[in-house]
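Hi,

Here is the structure I promised to pass on. Have a look at it first, and my notes follow below.

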Amino acid sequence: MTAAPRHLTIIGAGLAGALLGILLRRRGWDVDLYEKRGDPRVQGYGGGRSINLALAERGRHALRAADADDAVMHHAIMMRGRMVHVGDTEPVLQRYGRDDDEVIWSVHRGDLNIVLLDLAEAAGARLHFDAGLDAVDFEAHRAVFRDPRDDSTREVVFEALVGADGAGSALRAAMHRVCDLGQRSDFLDHGYKELEIPPRADGGFRIEPNALHIWPRGHYMCIALPNDEKTFTVTLFLPHHAPADGGPAFDQLTEVEDARAFFERDFPSALALIPAFDRDWRENPVGQLGTLYLDRWHLDGRAVLLGDAAHAMVPFHGQGMNCAFEDCVALARHLDAHEDLATAFAAFEAERKPDAAAIQRMALDNYLEMRDRVDDADYLLQRALELALQDRHPGRFVPHYAMVTFMRIPYSLAMSRTDLQRGILERATAGHASLATLDWAAIDADVLDLLTPLADVPA
Ligand SMILES: Cc1cc2nc3c(=O)[nH]c(=O)nc-3n(C[C@H](O)[C@H](O)[C@H](O)COP(=O)(O)OP(=O)(O)OC[C@H]3O[C@@H](n4cnc5c(N)ncnc54)[C@H](O)[C@@H]3O)c2cc1C
């Protein structure tokens, strides 16, 4: 730590902004957080999208670093694996890990945000709600914030700005006006819509609570995550426009009767759990999904981006928030290590950009797996082999999902090992229908040849 007084202005008091506020205050920084929306603790949470989120080890580690884990876990529900709903058969649980030490957690976005805001405020961060970043004069170190309630503006002098203002970042747009960030966005041809499974009449969960439910249907799917008030949030992922094969699409389901008929045909077991289907379908908007790529995340020592503002990704690995939380810990570490802000921001970007790119790609890959493959025989055989190899080569063959979800090794390392392991699995299972017929000696040799032992990042 340096002796000089240090101040940061964080744009966005969502998930990453609030967590960063706590981490920096604990390190003695003076912190102001500006949030476009009103205070969710006063007027309820108006998050507008993805009601609940899967929290994994990377996110939990960051919460522990901020002493926020206990308060958040109070609201969390364990998800042991994927409960896959296919046809009329009983749904089957595909465990994520070996036991209940290897699970993920469902958390309500509003509860999580409120816990983090309370802790940030208690740690001494100044929170300013109804203050959306509107314009920045980087030369004069002045930022203008607009109050959406009455359109009034106020000007603030800053030393440096941190953009935690999400995928539509206003700070990113302001930086881009003075320096080309090399921005490109790839929007997915799929969007999403959320629906709700309420509690049973006796107040309990309607389906198995400790699982992430999936109804895979090839080019589209529904998932459901539990909430601690005994509801589930169902998300339908579907193309915006009809694909060449004539499959269903949001633009054909603008009338609720058509949407209901689609669910009766393709998701009857899910529809039976959603009594207010018509209302939910009409009221909840179709959300966009995409990946945001930037060549640079910082403007010398004056501004830096993190979380979705820097690297929004599709949600199919459940890692966007987890990655954003890792960003916060990394930025705080670089701010500790370098007195000069430009050096700290550059070091942060150099460390995190390859990892963000890796999880962005793995999230896109996982989309194909979730919607298309979780009920395929070859996929299930490879998954069974993955678990067998984990037992035969502990610490050397670590399943892809475990590297991303239960470990904190860099995402880029998880991705390169995943690519090697996928080759091993494909070679081993080609032409086979069961583990019993595999050539284990050849597989073991392949593993020892290609994979070095893998240790997690120390706590
Ligand atoms: C359908 C869906 C499901 C998802 N599921 C998961 C999951 O299971 N697990 C997971 O890890 N991730 C998941 N994600 C990703 C996760 O939501 C994001 O990665 C995460 O919210 C990023 O946090 P953030 O703080 O960077 O941005 P945000 O959470 O978007 O927060 C940005 C904040 O900035 C504020 N803001 C915006 N503009 C301004 C402005 N001009 N001035 C001031 N404030 C502003 C916003 O109001 C908001 O409070 C999912 C995303 C979607 C869309």
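Methionine 83 has leucine 93, in strand E6, as its bridge partner. The two strands involved, E5 (residues 81-84) and E6, run antiparallel and share four bridges. Strands count as paired here if DSSP finds at least two bridges between them, and helices (H or I, at least four residues) and strands (E, at least two) are DSSP runs, numbered from the N terminus.

Before I go on: this is a predicted model, where local features need pLDDT of at least 70, side-chain atom pairs count only at pLDDT 80 or more, and totals for chains, interfaces and linings use all residues. Residues are numbered from 1 along each chain as its sequence is written, and side-chain values use heavy atoms, with hydrogens and water left out.

Back to the sheet. E5 and E6 belong to an open sheet of seven strands with mixed pairing, in the order E6-E5-E14-E15-E16-E13-E17. Strands E6 (92-95) and E17 (287-293) are at the edges with a single partner strand each, so one side of each has no neighbour in the sheet.

Now the ligand. There are 30 residues around it, and Glu35, Ala54, Arg109, Leu133 and Asp308 come nearest; to be counted, a residue needs a heavy atom within 4 Å. By class, that shell has 13 nonpolar, ten polar and seven charged residues (Ala, Val, Leu, Ile, Met, Phe, Trp, Tyr, Cys and Pro count as nonpolar, Asp, Glu, Lys and Arg as charged, and the others, Gly among them, as polar). Helix H1 (15-26), strand E3 (52-55), strand E9 (132-137) and helix H11 (320-337) each supply at least two residues of the shell, and H11 gives the most, with three.

Last, the charges. Side chains of opposite charge can pair when their charged atoms come close. The structure holds 34 salt bridges, meaning a side-chain nitrogen of Lys or Arg within 4 Å of a carboxyl oxygen of Asp or Glu. One of them joins arginine 41 and glutamate 121, with the closest N and O atoms 3.0 Å apart. This pair links distant parts of the chain, 80 residues apart: arginine 41 sits in helix H2 (residues 40-43) and glutamate 121 in helix H5 (residues 109-122).

Cheers
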